[in-house]
Amino acid sequence: MDPYYSDDHVTLYHGRCEDVLPTLAPSSVHAVVTSPPYAEQRAGLYDGIPEATYDEFTLAWMNGARTTLTPTASVLINIREHVADGVMSDYVHRTRMLLRASNWYELDELLWVKTSAPPLGDPRRMRRSWERILWFSTTNRPAVYATNNGRESASIGMHASSGPSSSWVNGTTAVLEQGIARSADYCSFSTRCVENGIDHPAVYPRQVARWMMANVTVEGDIVVDPFAGSGTTLVAARESGRKAIGIEMSERYCEIAAKRLSQGVLDFGGTL
Ligand SMILES: C[S@@+](CC[C@H](N)C(=O)[O-])C[C@H]1O[C@@H](n2cnc3c(N)ncnc32)[C@H](O)[C@@H]1O
């Protein structure tokens with residue numbers, strides 16, 4: 001299949017991911033990083049997936065990606081179910097259970113905490129200010145680079161010592177070790193971290209995509225976004241030295257992604 005856009009780091013295909021994913025090179029992809037369409041939330045903008053079949057839809061595209069993954073690859077999915085008539089929809093729960101029952105390991109649940117979530121939703125409820133990042137793999141021992149998003153810390157661990165800076169810990173003398181701490185299992189970024197003027201209804205901040213991929217890939221690795229939208233994951237991958245493959249079924253959004261990729265990030269309209 002001819003790409004819609006390509007450069008040295010990024011290839012974008014116009015099509016449905018269920019069709020394109022199985023055609024990618026076997027055992028070549030180190031991570032899937034994506035924000036898929038939600039169930040029936042954006043009717044009229046792009047195809048919503050019916051809630052009743054969301055689990056099967058997700059299993060189909062994940063299984064389509066399976067052969068293209070390296071043996072230690074991760075799949076990171078940014079999603080949160082909506083509340084309907086006062087109750088959480090169950091389609092994300094059902095999807096997780098179906099994937100687990102279909103030979104996918106669910107490794108953990110990570111979070112994107114939105115530091116400036118807009119005041120949407122039911123005004124009698126708390127402001128919804130986080131989204132899930134579901135973490136799946138075909139193995140329970142995937143590649144993880146826990147310090148890639150870490151910060152310098154004065155206490156990443158301790159070793160026994162009776163030297164001058166030691167202190168009494170659990171019945172022995174010990175010295176705290178300095179170094180880069182492992183990342184927390186959540187990230188916090190403002191929803192305002194999106195560049196201005198991107199004509200797509202569900203753009204996520206490229207900082208979130210960068211955080212996701214840094215946990216499970218290193219520079220030079222290949223990241224796939226099967227629901228590329230305006231190309232955020234692809235921009236984030238290129239910015240952080242990864243290679244990326246995107247798939248997007250809407251030609252209009254392919255056009256936006258290609259423009260973003262060929263012109264670079266134009267306008268940073270928010271604060272971290
Ligand atoms: C939540 S949006 C992704 C937004 C993206 N993260 C961004 O920052 O621009 C989901 C995208 O998936 C696309 N899409 C929906 N079903 C698809 C399918 N079966 N294959 C490929 N793309 C699909 C939609 O057109 C939409 O652009």
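Where does His 200 lie? His 200 is in the loop between strand E12 (186–189) and helix H4 (206–216); helices (H or I, at least four residues) and strands (E, at least two) are DSSP runs, numbered from the N terminus. This is a predicted model, in which local features need pLDDT of at least 70 and side-chain atom pairs count only at pLDDT 80 or more, while totals for chains, interfaces and linings use all residues. Residues are numbered from 1 along each chain as its sequence is written, and side-chain values use heavy atoms, with hydrogens and water left out.

His 200 counts as buried because its relative accessibility is 14%; buried means under 20% relative accessible area, exposed over 50%, and partly exposed in between (1.4 Å probe, protein chains only). A polar atom of the His 200 side chain lies 3.0 Å from the backbone nitrogen of Ala 202. The term polar contact stands for a pair of N or O atoms within 3.5 Å; within protein, one must be able to donate a hydrogen and the other to accept it, and residues adjacent in sequence count only if both atoms are side-chain atoms.

A polar backbone atom of Tyr 204 is 3.1 Å from an oxygen atom of the ligand, and an N or O atom in the side chain of Glu 18 is 2.9 Å from a ligand nitrogen. The protein buries 99% of the 600 Å² that the ligand exposes when taken alone; accessible areas come from the Shrake-Rupley method with a 1.4 Å probe, and for residues only the protein chains shown count as cover. In total, 21 residues surround the ligand, the closest being Glu 18, His 200, Ser 230, Thr 232 and Glu 248; a residue is near a molecule or strand if one of its heavy atoms lies within 4 Å of it. The shell consists of twelve nonpolar, six polar and three charged residues, where Ala, Val, Leu, Ile, Met, Phe, Trp, Tyr, Cys and Pro count as nonpolar, Asp, Glu, Lys and Arg as charged, and the others, Gly among them, as polar.

Helix H3 covers residues 91–100, and its buried residues are Tyr 91, Val 92, Thr 95, Arg 96 and Leu 99. They lie on the same side of H3 because they cover an arc of only 140° around the axis, the arc being that of the directions from the helix axis to the C-beta atoms. An α-helix has 3.6 residues a turn, so residues three or four places apart point the same way. The buried residues of H3 pack against helix H2 (54–66) and strands E4 (69–79), E7 (105–114) and E8 (130–137); contact means heavy atoms within 4.5 Å.

Strand E7 also holds Lys 114, which counts as buried at 16% relative accessibility. The side chains of Lys 114 and Glu 131 are joined by a polar contact of 2.5 Å. Apart from neighbours within four places in sequence, Lys 114 is in contact with Ser 129, Trp 130, Glu 131, Phe 189 and Thr 191.

Arg 125 lies in the loop between E7 and E8 and counts as partly exposed at 43% relative accessibility. Leaving aside neighbours within four places in sequence, Arg 125 is in contact with Val 83 and Gly 86. A polar atom of the Arg 125 side chain lies 2.8 Å from the backbone oxygen of Gly 86. The two residues are 39 residues apart along the chain, with 9.2 Å between their C-alpha atoms.

Another loop, between strand E5 (83–84) and strand E6 (87–88), contains Asp 85. At 82% relative accessibility Asp 85 counts as exposed, and its phi is near 50°, a positive value in a residue other than glycine. Ser 27 also has a phi near 50°; Ser 27 is in the loop between helix H1 (17–20) and strand E3 (29–34).

Finally, Arg 238 lies in helix H5 (residues 232–239) and counts as partly exposed at 26% relative accessibility. A polar contact of 2.6 Å joins its side chain to that of Asp 7. Arg 238 is 230 residues from Asp 8 in sequence and 9.5 Å from Asp 8 in space, C-alpha to C-alpha.
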